[in-house]
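Colleague: I am new to this structure and would be grateful for a guided discussion of it. May I put my questions to you one at a time?

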Amino acid sequence: MKKDYLKAAEVINQAYDVASTYEATKRYDYMFVYDDDITAVLKSIQVYRLVKKLNPKARFVVVGGEGLLATAFAVMRFSLKIRGKTVASSLLKKETEAARLKRVAMALGVPETEIDVLDKGTNTTENLQAISHLAKGKKALVVSTQRLAMVFRQSADFQCNEEPEKHGCVPFDYDLFVIKQTVEETLRWYNFQAAGNGRVALHLFASLVRRFDVYDGKFLRKPFEADDKTKEADALLRNRFLIKQRVTGVKQIRAMLQYVPILWDIFWHAEDYLIDENEAISAAERY
């Protein structure tokens with residue numbers, strides 16, 4: 001990956017950074033892990049233990065539907081099977097993002113009886129509906145990696161606390177625990193962000209400025225107007241890495257072709273995914 005692309009993504013990553021509001025002395029009734037990346041569990045498990053000390057009845061809630069996992073797992077299973085690695089293939093069970101977060105949390109010592117799974121949502125609004133209705137106004141802590149935190153905050157504040165009835169939500173009282181990461185730190189196999197030579201990660205950063213512009217006043221509030229530096233970074237990334245999903249004709253063909261290097265990379269790195277995930281869980285167990 002060219003350094004210029006990484007630098008541009010880091011500009012956007014820092015521009016949309018969000019400060020954590022988590023307080024170690026505050027009593028929380030729920031800890032929601034809202035992410036498509038097991039990093040959110042790996043880096044917050046100690047926080048959950050502190051939450052439980054202050055409130056033994058606190059619940060650990062994992063959130064997320066199928067997302068990229070469904071396609072990625074199918075590609076990896078196929079890859080391992082045709083190469084005769086059936087044992088490794090059997091380890092790749094079909095699971096939603098939330099189910100995977102739950103599996104990792106249990107591996108790190110969270111009892112299954114303490115975990116609630118919200119994996120029926122197909123978009124941000126449906127996830128916020130499930131989260132806010134489960135919390136029912138009680139105090140919640142939401143865990144998110146840095147790359148997704150701003151989208152969550154602006155969406156939750158708008159849909160749950162500004163226009164709850166319109167979006168089928170109820171008021172949501174929450175603090176954020178944001179896991180700080182550089183763009184390069186997100187590029188792991190266990191979260192698929194490294195796939196396609198980093199194209200999965202760069203698609204996300206190529207979409208942020210556009211997302212806030214397009215959905216401002218509809219599903220979220222734009223936090224600020226992007227400055228010239230951020231706009232320049234966005235322009236560099238958007239043309240090359242943004243995968244436009246709702247297009248037709250020639251643009252649809254181009255969008256589909258953008259998936260080829262990503263899926264091809266996942267196909268050849270199925271074992272790297274398994275190894276990286278196991279190593280990440282083992283590292284978290286030691287702390």
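Colleague: Leaving aside its neighbours within four places in sequence, which residues is R221 in contact with?

Modeller: Please bear in mind throughout that this is a predicted model. R221 belongs to the loop between helix 11 and helix 12. With neighbours within four places in sequence left aside, the residues in contact with R221 are Q154, F158, E162, F212 and D216.

Colleague: Is R221 buried, partly exposed or exposed?

Modeller: Buried residues have under 20% relative accessible area and exposed ones over 50%, with partly exposed in between. The relative accessibility of R221 is 36%, so R221 counts as partly exposed.

Colleague: How far apart in space are R221 and R153, C-alpha to C-alpha?

Modeller: Along the sequence, R221 and R153 are 68 residues apart. In space, their C-alpha to C-alpha separation is 9.4 Å.

Colleague: How are helix 8 and helix 11 oriented to each other, roughly parallel or roughly antiparallel?

Modeller: Helix 8 covers residues 146-162 and helix 11 covers residues 195-215; they pack at an angle of about 20 degrees, with their axes 10 Å apart. Angles under 35 degrees count as roughly parallel. The orientation of helix 8 and helix 11 is therefore roughly parallel.

Colleague: How are helix 1 and helix 12 placed relative to each other, roughly parallel or oblique?

Modeller: Helix 1 (residues 3-15) packs with helix 12 (residues 228-241) at an angle of about 125 degrees, and their axes are 9 Å apart. The crossing of these two helices is left-handed. Angles of 65 to 115 degrees count as roughly perpendicular and those over 145 as roughly antiparallel. Helix 1 and helix 12 are therefore oblique.

Colleague: How many nonpolar, polar and charged residues does the contact of helix 1 with helix 12 have?

Modeller: From helix 1, the residues D4, Y5, A8, A9, V11, I12 and A15 take part. They meet K229, T230, A233, D234, L236, L237, R240 and F241 in helix 12. By class, the contact has ten nonpolar, one polar and four charged residues.

Colleague: Which residues have the most contacts inside the largest nonpolar core?

Modeller: The largest nonpolar core has 44 residues. Leaving aside neighbours within four places in sequence, L237 is in contact with Y5, A8, A9, I12, L202, F205, A206 and L242. Inside this core, the residues with the most contacts are F32, F152, F172 and L237.

Colleague: Is V104 buried or exposed?

Modeller: V104 is found in helix 6, residues 97-107. Not counting residues up to four places away in sequence, V104 touches I38, V41, L42 and I281. Its relative accessibility is 0%, and under 20% is the cut-off for burial, so V104 counts as buried.

Colleague: What separates the C-alpha atoms of V104 and L208?

Modeller: V104 and L208 are 104 residues apart along the chain. The separation of their C-alpha atoms is 28 Å.

Colleague: Where is K136, which has a positive phi of about 50 degrees, and is K136 buried or exposed?

Modeller: Most residues other than glycine have a negative phi. K136 is not a glycine, yet its phi is positive. The loop between helix 7 (124-135) and strand 4 (140-145) holds K136. With a relative accessible area of 68%, K136 is exposed.

Colleague: Is F192 buried or exposed?

Modeller: F192, a residue other than glycine, also has a positive phi, near 65 degrees. The place of F192 is in the loop between helix 10 (183-186) and helix 11. Its relative accessible area is 3%, so F192 is buried.

Colleague: Which residues of helix 14 are buried?

Modeller: Helix 14 covers residues 259-268. The cover over its buried residues includes helix 4 (67-82), helix 11 and helix 15 (270-285). The buried residues of helix 14 are I262, D265, I266 and F267.

Note on methods
Residues numbered from 1 in each chain as written. Predicted model: local features only at pLDDT ≥ 70, side-chain atom pairs only at ≥ 80, totals over all residues. Heavy atoms only, no water. Axes fitted to C-alpha atoms, helices over the stretch in contact; angles between N-to-C directions. Helix = DSSP H or I, 4+ residues; strand = E, 2+ residues; numbered from the N terminus. Left-handed = near helix turned anticlockwise from the far one by under 90°. Contact = heavy atoms within 4.5 Å. Nonpolar A, V, L, I, M, F, W, Y, C, P; charged D, E, K, R; others polar. Core = buried A, V, L, I, M, F, W, Y, C linked by side-chain atoms within 4.5 Å. Buried < 20%, exposed > 50% of the residue type's maximum accessible area, 1.4 Å probe, protein only.
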